[in-house]
Amino acid sequence: MPRVVLSSLNETAVLRLEPDADRRWWSLHHAADRDRPAWYASFGARTPVEVIAGFMDALTDPASSRPAPSDPYEPLRQRAWSPTHGTAPGLVAPDGSVFVQRLGEEHDPGAWFVTATLGPSRPVWQARFDRHTPVHLISAFTTALADPQPVLRTNGPLDLPTLDPKIISRRFVDVPEAFVPACIVDRVLLLAARHDIPPADPSPPGPPPPRTSRSR
């Protein structure tokens with residue numbers, strides 16, 4: 001089982017992958033900034049890679065001016081998610097399989113919980129963000145979570161909870177063997193291009209240096 005530790009160049013953020021059936025597999029710990037205390041985010045084993053990538057892409061994006069919803073619920077409302085009923089306010093997906101909630105004072109005030117479940121006793125995965133997690137990163141996560149585009153998966157046993165035919169619509173397609181490594185290369189190039197900073201405009205030439213003359 002792979003164990004991976006990645007740190008940012010300035011060593012303020014550490015992302016760990018620690019496969020363990022009894023723990024969250026992905027965890028991100030970010031050091032305190034001048035205007036924000038330390039914070040963390042975590043993702044369970046079956047959290048779709050697309051929504052983790054949405055969060056991490058926003059974290060590593062150098063274009064800090066990129067617009068993002070200031071309310072993490074907004075991308076969900078646009079996809080017809082409805083309010084939950086209970087002690088913790090939040091939204092539930094139209095099919096009732098995913099809940100996004102922000103905890104109240106009685107638990108971890110301000111923390112966000114995202115839970116995917118196939119029933120009261122059939123949890124699939126959970127993601128959580130503490131109350132100091134930047135809101136634009138949580139919005140990036142919920143934007144990816146609400147994306148209606150189908151995702152590509154290899155064929156697997158139908159008894160996997162994530163392939164429950166009552167929840168998941170499947171369509172089989174054949175792809176060339178070279179498709180997977182090509183997708184990885186394309187993604188790496190796409191992310192690398194975000195760090196290409198255009199060269200500064202050349203400054204206009206200054207006046208020529210004064211000429212000196214010599215007399216005999």
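Student: In what order do the nine strands form the open sheet?

Tutor: This is a predicted model, where local features need pLDDT of at least 70, side-chain atom pairs count only at pLDDT 80 or more, and totals for chains, interfaces and linings use all residues. Residues are numbered from 1 along each chain as its sequence is written, and side-chain values use heavy atoms, with hydrogens and water left out. Strands (E, at least two residues) and helices (H or I, at least four) are DSSP runs numbered from the N terminus, and two strands pair if DSSP finds at least two bridges between them. The pairing in the open sheet is antiparallel, and the order is E1-E2-E3-E4-E9-E8-E7-E6-E5.

Student: Which are the edge strands?

Tutor: An edge strand pairs on one side only. That applies to strand E1 (4-7) and strand E5 (82-83).

Student: Which residue of E4 stands opposite His-30?

Tutor: Strand E3 (residues 26-30) runs antiparallel to strand E4 (residues 39-43), and five bridges join them. Within E4, Ala-41 stands opposite Leu-28. The residue opposite His-30 is Trp-39.

Student: Why is E4 largely enclosed by the rest of the structure?

Tutor: Buried means under 20% relative accessible area, exposed over 50%, and partly exposed in between (1.4 Å probe, protein chains only). E4 is largely enclosed because, of its five residues, the number buried is four.

Student: Is Ser-27 buried or exposed?

Tutor: Ser-27 is placed in strand E3. Not counting residues up to four places away in sequence, Ser-27 touches Val-14, Leu-15, Arg-16, Ala-41 and Ser-42, where contact means heavy atoms within 4.5 Å. Its relative accessibility is 18%, so Ser-27 counts as buried.

Student: Which backbone oxygen does the side chain of Thr-133 reach at 3.0 Å?

Tutor: Thr-133 is found in the loop between strand E9 (123-129) and helix H3 (135-145), and is buried at a relative accessible area of 5%. A polar atom of its side chain lies 3.2 Å from the backbone oxygen of Tyr-40. At 3.0 Å, the side chain of Thr-133 reaches the backbone oxygen of Asp-130.

Student: What is the mean pLDDT of the protein chain?

Tutor: pLDDT is the predictor's confidence in each residue, from 0 to 100. In the protein chain, 79% of residues reach 70 or more, and the mean is 82.

Student: Over which residues is the pLDDT below 50?

Tutor: Where pLDDT is low, the predicted coordinates should not be read in detail. The stretch in question has zero contacts in the model beyond near neighbours in sequence, and covers residues 212-216.

Notes: A polar contact is a pair of N or O atoms within 3.5 Å; within protein, one must be able to donate a hydrogen and the other to accept it, and residues adjacent in sequence count only if both atoms are side-chain atoms.
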